[in-house]
Amino acid sequence: MATASSSLHQPIFRQYPCLPRNSRYLPPLRFSFPRFPSRIRASSAVALELVAKHLTYTALKKFCCSYEQQIESSTQLNNGLEFDLFSCPVCYEPLIRKGPPGLNLQAIYRSGFKCNSCNKSYSSKDMYLDLTITAGSKDYNEVQPNRTELFRSPLVSFLYERGWRQNFNMSGFPGRDEEGLSYLGKLILSETMFKMAQEYFKPVMGGLLVDVSCGSGLFSRKFAESGTYSGVVALDFSENMLRQCYDFIKKENPALATNLALVRADVSRLPFSTGSVDAVHAGAALHCWPSPSNAVAEISRILRSGGIFVGTTFLRPSFGNSSIPSILRPFRQNYNNLTEKEIEDLCTSCGLINYRSKVQLSFIMFSAQKA
């Protein structure tokens, strides 16, 4: 009797060990069906009832196993793992973030990012997050075009807001008449262009703004300081430009660190999910991109429907009503200066609508909207 009693009270289906004996998800009743002698033939109704009970408890066991695994997974996510707004530059899958939440310098610096699809990890360096395809590479080194390498130079990065950019006024960039104010000239120049950009961005204020090819962050800092965006990402391929941006933040307004992130990335491989960004700004940048078409296509991809793209660049003089003759194209300089019509055509071909522009000499500010 003792043997029979212990057998009757054993938990059923030991082949499913995923739930502990004391799990709250186990069914309250635990019993097994006694083995009947083979010479006793049960009725069809009894046999069907036994089979039904067996299948019911088997399905219940599997459900409980799956449910408890989901609970454990959810608990892990709530304990520091969450899907972030950044995506893997290799496969565009959202990165899983481990660390403090928030789009600010300190939180991102203390966080780790990983792509479950590529199994690749990304981390911060010198207060910026490296989300380039080659991030973490030890031996591979890719040669970039001369114009790209120029702005990675520590000297050019240092001089960019200390005289380099102020030469833009000779090409018609706003603020030309105020340059006589010497030191204040650069402030007036940037403030004028900032106000123009803000006019274009009015429909998406309150959203996420990405300042691509931000350089030393002259406009990134202004966008963050305005308080009109939920977050600002200063993005550039140059490590030294991002370091300069961080130094300016520390010296001028440390409070900006709470609403601004520094990210190193390729404009032709932006680390954001499709349709996840409200506004993109590219100041004096398009002519520097190795492939403007790839870059604008990427900007169009990450913009939400109704999102706004605003850019400024140097125009190339057009020959009458046509662009530069094909026979002269191989003799272009190192920069991709386009005509106004070429810029509009490029935006349209990448799925952007409502193109608008303002032109002054060789300067153009343009905007377009994601359909």
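Modeller: This is a predicted model. Let us begin with Ser268, which touches Ser291, Asn294, Ala295 and Glu298, leaving out residues up to four places away in sequence. The C-alpha atoms of Ser268 and Glu298 are separated by 6.1 Å, although the two residues are 30 residues apart along the chain. Ser268 itself lies in the loop between β9 (260–264) and β10 (277–282).

Biologist: Why is Ser268 called partly exposed?

Modeller: The relative accessible area of Ser268 is 23%. Buried requires under 20% and exposed over 50%. Ser268, at 23%, therefore counts as partly exposed.

Biologist: What makes Lys202 and Glu199 a salt bridge?

Modeller: The closest N and O atoms of Lys202 and Glu199 are 3.4 Å apart. The criterion is a side-chain nitrogen of Lys or Arg within 4 Å of a carboxyl oxygen of Asp or Glu, so the pair qualifies as a salt bridge. Glu199 has 47% relative accessibility and is therefore partly exposed.

Biologist: How do you know that Glu252 and Arg221 form a salt bridge, and which elements hold them?

Modeller: For Glu252 and Arg221 the closest N and O atoms are 3.5 Å apart, and the cut-off is 4 Å, so the term applies. The pair links distant parts of the chain, with Glu252 in helix α8 (residues 239–252) and Arg221 in helix α7 (residues 218–226), 31 residues apart.

Biologist: Why are Glu252 and Arg221 placed in their accessibility classes?

Modeller: Glu252 has a relative accessible area of 52%, and exposed means over 50%, so Glu252 is exposed. Arg221 has 5%, and buried means under 20%, so Arg221 is buried.

Biologist: What makes Arg304 and Asp278 a salt bridge?

Modeller: The side chains of Arg304 and Asp278 meet at 2.7 Å, N to O; the limit is 4 Å, so they form a salt bridge. This pair also links distant parts of the chain: Arg304 is in strand β11 (residues 303–314) and Asp278 in strand β10, 26 residues apart. Asp278, at 17%, is buried, whereas Arg304, at 35%, is partly exposed.

Key
Residues numbered from 1 in each chain as written. Predicted model: local features only at pLDDT ≥ 70, side-chain atom pairs only at ≥ 80, totals over all residues. Heavy atoms only, no water. Helix = DSSP H or I, 4+ residues; strand = E, 2+ residues; numbered from the N terminus. Buried < 20%, exposed > 50% of the residue type's maximum accessible area, 1.4 Å probe, protein only. Contact = heavy atoms within 4.5 Å.
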